[in-house]
Amino acid sequence: MPEPMPPEPLLSGGGRVPEDGAIAATGMGGAMDLATAEGETLERAPAGPDGTGPTDRPRSLWSDAWRDLRRNPVFILSGLVILFLVFVSLWPSVIASGSPLKCDLAKAQEGSQQGAPFGYDGQGCNVYTRTVYGARTSVTVGVLATLGVALFGSVLGGLAGFFGGVWDSVLSRITDIFFAIPVVLGGLVLLSVVTSNTVWPVIGFMVLLGWPQISRIARGSVITAKQNDYVQAARALGASNSRMLLRHIAPNAVAPVIVVATIALGTYIALEATLSYLGVGLKPPTVSWGIDISAASPYIRNAPHALLWPSGALALTVLAFIMLGDAVRDALDPKLR
Amino acid sequence: MGRYVIRRLLQMIPVFIGATLLIFLMVNVMGDPIAGLCGDRQCDPATAAQLEKEFGLDKPVWQQYLTYMGNVFTGDFGTAFNGQPVTELMATAFPVTIRLTIIAIVFEIVIGITLGVVTGLRRGRPVDSGVLLVTLVVISVPTFVTGLLLQLLLGVKWGWIKPSVSSDATFGELIVPGLVLASVSLAYVTRLTRTSIAENKRSDYVRTAIAKGLPRRRVVTRHLLRNSLIPVVTFIGTDIGALMGGAIVTERIFNIHGVGFQLYQGILRQNTQTVVGFVTVLVLVFLVANLLVDLLYAVLDPRIRYA
Amino acid sequence: MLLEVHDLHVEFRTRDGIAKAVNGVTYGVDAGETLAVLGESGSGKSVTAQAVMGILDTPPGRITGGRILFQGRDLLTLKEEERRKVRGAEMAMIFQDALSSLNPVLSVGDQLGEMFVVHRGMSRKDARAKAVELMDRVRIPAAKERVRQYPHQFSGGMRQRIMIAMAMALEPALIIADEPTTALDVTVQAQVMELLAELQRELHMGLILITHDLGVVADVADRIAVMYAGRIVESAPVHDIYKAPAHPYTRGLLDSIPRLDQKGQELYAIKGLPPNLMHIPPGCAFHPRCPMAQDVCRTDEPPLYEVEEERGSACHFWRECLHG
């Protein structure tokens, strides 16, 4: 199942290799999900503009990365797909006429025809229209959940990494607790009692269970950035905490967070669909690919098209975000140059 | 080593308590445990009050939690919605899910590592790009879609497998569901192995091994693989807990009566004792798997010394 | 000659263009002789050595021309399997950073013994005994116990001794040492260098010593080859070069060594930076940094002029340099 932190937020962060081992940096220690793993590669990279502003340094990490990205077909392709998705979510009526809620049982399970290129589903709803309108839900959930998780996680993780001490230990233990709960399971338990049919409970749940992932990345990269010589120098010169954090550390620590968040965005969209498929995510009349796929699965023999089209749209959307994150990571990781 | 294990065991306690308490609170506070006890009918107020007293539901939540955990440690997981003890459900459900997980892990090891090694050694070649693209697609297609599609193709269209698994859930029947369960992790294992191999391939000690005049085969198996697989092995180890907890979707698609199925039923019927009981065991499995992985790590990498 | 490198060319194809790392290097080593190859980083000294060993990363590296004769055989025409049997057994290499060059997850005994298992077909037990013997020979105390330990459990000097032991294991005819003491403490440097020189004398091996440290060279080398931008700019017996360099680059290197008798004076430094290997200046590659450069240096690439027997300089004005 596509969890938001595929394949599940693993490993109990504290007491792992970096804390107890003879070596710290080699701590590929244990399992981690792709996003985390690749985010951690970034942490070790000399990152970011150094706070003197990109104008002073024409070849900063970011401008190098941007130069790379512009020439990367994967980035351009996934970027175009995402732009298209955003456009469709904002103005679905431009490419699909009619309402996604207007269904005609007489047309149930009919195949492709004039006005309904994707055919009709089990309730006689136009699959094309519903697939187009479903994009809005997915993009909304994905973007809002990612924003919430990124904000919440990076602030908590960043502060814990910067100040260390008791708060850091407490936060590590708390993230451990969240990592021990399987995501889909948590979603089932928490959302099964929610009766609201808006997107907010789903987004809230994702932020609640997703922040530890970003928090761990942010904490790690802040700690790495803190150890950079020029940050030590700034400290020695008497820079204040807030100035160090905002001007020297944050610009360097933000790259891994962005990469992991982009990849996570795709997985949140997949998670929403999974929860909707299990009947605890979004509920009709909200139009969602997950709901449609779930509704189509009993008719899979006779009307596979009702299942395939929303599935395809879902997969393409998730793929686009994951590939975007992948491309950004490649561009930001000087080791791979 | 001994002291390290003890310290890790002690560290597990707050995580265990936190995770189970969290689930306990979710089920109790958010849901209505009484509604589940009366089955599908609505409870009348008098019965409800009596049930509340009987199950101690009128006490504060923390007290309920303590009572429940106390019972769990004496082996009493309570009663499921159909009147069966939860432990009996576990006895039938866990073997099925364990079989499913074993199959998934075998897929991860055999296919994931093989593909990762092949692509890592041929980084940038067509094989590499092809496999990389496939892994991205596998990661992007949600498991329930993969499962439904495989069920449609293999089960319905081509008739290679039975679309739903019998109550015996033998290894043979679980092969396709196991593949579905493994699919996303499989793609990660491939990518992780690939990255690890490609990184280590450029390392100084591999160059030394070549300079020693070792045959390519020996360089790869003895020097490159040994080092590159350390993170992969640890990933797969921690994945055990995740797979067992994440089997809900797969079990639902193929109608497998394992842990996920029982949990799903428990959640639908808001049966606290089933849900919390199963989750408690899953959290334990996850924590123990993580501990074992940490210890395994020390065996694989002599630089790690636990104090 | 034990090893003769003739007009070797190596280039690296990268995303940004082709880097010409080695551009016509010719040098040779006799049995029992020590050749020091001197140069800044990026001068092509290590790449040449890797080409000789056959451990160049290909791609991106590519040998585009030249011959490497080892005991009369042209290594570049050998099949990979034959080439492999030469590596380790007949020529061996010592790397700069012993910690990263030794496999972290195998015991040093395994790594030493591996040489005998692979090349001599010994049993693991015999190979282990050989490993202990080797460790004794490079004077690692308590070899019998330490043979089971892992590289990270040794000090830097001890690790480099293990690298040396590994290179010596099969008593090869040629050893290439790539900056063998650079990563070590100064006090340990001398011991390790001494050990290397001693073993070389004992086994009558040819030794190529790659370094940027002129101090090390003076003590142990017989001949010196100075490299710049992938070419040899001066090649001479060691005492000649110290007496009077015949190339302005060599002179610059020698002048930049701090000397006690010049205390108080400003230290000399060669101006400018080493060239970008993707855009090597035309003519003499050194001309932008050369204090003696004339117009001819910007257009004509100097050949390796014969200064005297056994001595060459790739400078149009070697005479002026030698006497001025």
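Modeller: One definition to begin with: a helix here is a DSSP run of H or I with at least four residues, numbered from the N terminus. The model is predicted.

Colleague: What follows helix 12 of chain B?

Modeller: Q270(B), which has a positive phi, near 50°.

Colleague: Why is helix 12 of chain B described as largely enclosed by the rest of the structure?

Modeller: A residue is buried if 20 or more other C-beta atoms lie within 10 Å of its own. Eight of the ten residues in helix 12 (residues 259-268) of chain B are buried, so the helix is largely enclosed. The buried ones are V259(B), G260(B), F261(B), Q262(B), L263(B), Y264(B), G266(B) and I267(B).

Colleague: What covers those buried residues?

Modeller: The cover includes helix 5 (86-121), helix 10, helix 11 (248-253) and helix 13 (272-300) of chain B, together with helix 7 (183-191) of chain A.

Colleague: What makes F154(C) count as partly exposed?

Modeller: Buried needs 20 or more neighbours and exposed 12 or fewer. F154(C) has 19 C-beta neighbours inside 10 Å, so it is partly exposed. F154(C) sits in the loop between helix 6 (143-146) and helix 7 (156-168) of chain C. Apart from neighbours within four places in sequence, F154(C) is in contact with Q149(C), R159(C) and I162(C).

Colleague: Why are helix 12 of chain A and helix 6 of chain B called oblique to each other?

Modeller: Helix 12 (residues 305-332) of chain A packs on helix 6 (residues 126-140) of chain B at about 125°, with the axes 8 Å apart. Roughly perpendicular covers 65 to 115 degrees, and roughly antiparallel begins over 145. The two helices are therefore oblique. Their crossing is right-handed.

Colleague: Which residues meet there?

Modeller: A315(A), V318(A), L319(A), I322(A) and M323(A) of helix 12 of chain A meet L136(B), V137(B), I139(B) and S140(B) of helix 6 of chain B. By class, this contact has eight nonpolar, one polar and no charged residues.

Colleague: How many residues of chain B are in contact with chain C?

Modeller: In chain B, 18 residues are in contact with 22 of chain C. On the chain B side, helix 9 (204-211) and helix 10 (216-245) are the elements that give two or more residues. Helix 9 of chain B gives the most, with six. That side of chain B divides into six nonpolar, five polar and seven charged residues.

Notes. Residues are numbered from 1 along each chain as its sequence is written. Chains are lettered from A and ligands numbered from 1 in the order in which they are written. This is a predicted model: local features need pLDDT of at least 70, side-chain atom pairs count only at pLDDT 80 or more; totals for chains, interfaces and linings use all residues. Two residues are in contact if their C-beta atoms, placed from the backbone, lie within 7 Å. Ala, Val, Leu, Ile, Met, Phe, Trp, Tyr, Cys and Pro count as nonpolar, Asp, Glu, Lys and Arg as charged, and the others, Gly among them, as polar. Axes are lines fitted to C-alpha atoms, for helices over the stretch in contact, and angles run from 0 to 180 degrees between N-to-C directions. Angles under 35 degrees count as roughly parallel, over 145 as roughly antiparallel, 65 to 115 as roughly perpendicular and the rest as oblique. A crossing is left-handed if the near helix is turned anticlockwise from the far one by less than a right angle, and right-handed if clockwise.
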